[in-house]
Amino acid sequence: MECVSTTSFSVALNGSLHGLFRGKKGLRQGDPMSSVLFLLTRLIKRSMTNSDFNFHPKCEKLKITHLLFADDLMLFSRGDLPSIRILMECLQEFRDVSGLAVNTAKSNIFTAGIQNDTLDEALAMTEFARGYMRVRYLGIPLAAQRLSVSDYSLLVDQIAGCIRKWMAKSLSFASRLELMRSVIQGVECFWLQVFPLPMAVIEKIHRLFRAFL
């Protein structure tokens, strides 16, 4: 309850924060405090003790099997059928206990190095559609390889779109500067939580800043 009751919230309106109210119930995004999600986490962790389960090659060192963000769940395993079956059994047991089932229409399976019969069996076992990189999650592109400069066009276009809207208004220099600090740099920081920005992208953003000022 400490994670729930000690939180406070503000409302972002026109680029600035207003008001302050404290949390009393419910969860913040990323909170692992929900008893339901805690149950799912325990079920998945228990699967690690099964000798048939194999970690995803990139996750084995840190023993990562899943990531939770609010009501989104990402599962990781090696692309062999026993490992996939174990994870699906965890979801089945979670459904039996909690009454919450996975929405297969909104779920995808992403694979690499799995082909032919094994891939067909994995798709049939999960009943998930096959997903393809690159995808966007919370506005951020996710890719199997390092992002190129062109992949940051989403960020540059978002900033350019904000500036185009503001250019039609009669704003003082101080107002433009405040919009850049409170809105655009907030967008930059959101991306910087996930990826470092290449210098070429930073230069593009700076050119937009200079033109706007």
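Reply: Happy to. Helices here are DSSP runs of H or I at least four residues long, numbered from the N terminus. With that in hand, Asn116 falls in helix 4, which covers residues 116-126. One thing to keep in mind throughout: this is a predicted model.

Me: What is the phi of Asn116, and how should I read it?

Reply: Start with the background: most residues other than glycine have a negative phi, and most peptide bonds are trans. Asn116 has a positive phi of about 55° although it is not a glycine. Asn116 also counts as exposed because its relative accessibility is 59%, and the cut-off for exposed is over 50%.

Me: Where is Lys63 found, and what is its phi near?

Reply: Lys63 sits in the loop between helix 2 (35-47) and strand 3 (66-69). Its phi is near 55°, again a positive value in a residue other than glycine.

Me: And the peptide bond from Met133 to Arg134, is that cis or trans?

Reply: That one is cis, with omega near 15°. As for location, Arg134 belongs to the loop between strand 6 (129-130) and strand 7 (135-137).

Me: Now the helices. How do I describe two that pack together, say helix 5 and helix 6?

Reply: Two packed helices are described by the angle between their axes and the distance between the axes. For helix 5 and helix 6, the axes come within 11 Å and cross at roughly 160°. Angles over 145 degrees count as roughly antiparallel, so helix 5 and helix 6 are roughly antiparallel to each other. The crossing of helix 5 past helix 6 is right-handed.

Me: Which residues meet there?

Reply: From helix 5 you have Leu154, Leu155, Gln158, Ile159, Ile163, Trp166 and Met167, and they meet Arg176, Leu179, Val183, Ile184, Val187, Glu188 and Trp191 in helix 6. By class, the residues of this contact of helix 5 with helix 6 are eleven nonpolar, one polar and two charged.

Me: At what angle do helix 5 and helix 7 pack?

Reply: About 0°, with their axes 10 Å apart. That makes helix 5 roughly parallel to helix 7. On the helix 5 side, the contact is made by Leu155, Val156, Ile159, Ala160, Ile163, Trp166 and Met167, and on the helix 7 side by Val201, Lys204, Ile205, Leu208, Phe209 and Phe212. The contact of helix 5 with helix 7 divides into twelve nonpolar residues, no polar and one charged.

Me: And helix 6 with helix 7: roughly parallel or roughly antiparallel?

Reply: Their axes come within 11 Å and cross at roughly 160°. That makes helix 6 roughly antiparallel to helix 7, and their crossing is right-handed. Arg176, Met180, Ile184 and Glu188 in helix 6 meet Ile205, Phe209 and Phe212 in helix 7. The contact of helix 6 with helix 7 has five nonpolar, no polar and two charged residues.

Me: Last one, on accessibility. Is Ile86 buried or exposed?

Reply: Buried counts as under 20%, and Ile86 is at 7% relative accessibility, so it is buried. Ile86 has its place in helix 3 (residues 81-98). Leaving aside neighbours within four places in sequence, Ile86 is in contact with Ser47, Asn50, Asp52 and Phe53. The C-alpha atoms of Glu178 and Gly15 are separated by 8.9 Å, with the two residues 163 apart along the chain.

Technical notes: Residues are numbered from 1 along each chain as its sequence is written. This is a predicted model: local features need pLDDT of at least 70, side-chain atom pairs count only at pLDDT 80 or more; totals for chains, interfaces and linings use all residues. Side-chain values use heavy atoms; hydrogens and water are left out. Axes are lines fitted to C-alpha atoms, for helices over the stretch in contact, and angles run from 0 to 180 degrees between N-to-C directions. Angles under 35 degrees count as roughly parallel, over 145 as roughly antiparallel, 65 to 115 as roughly perpendicular and the rest as oblique. A crossing is left-handed if the near helix is turned anticlockwise from the far one by less than a right angle, and right-handed if clockwise. Contact means heavy atoms within 4.5 Å. Ala, Val, Leu, Ile, Met, Phe, Trp, Tyr, Cys and Pro count as nonpolar, Asp, Glu, Lys and Arg as charged, and the others, Gly among them, as polar. Buried means under 20% relative accessible area, exposed over 50%, partly exposed in between (1.4 Å probe, protein chains only).
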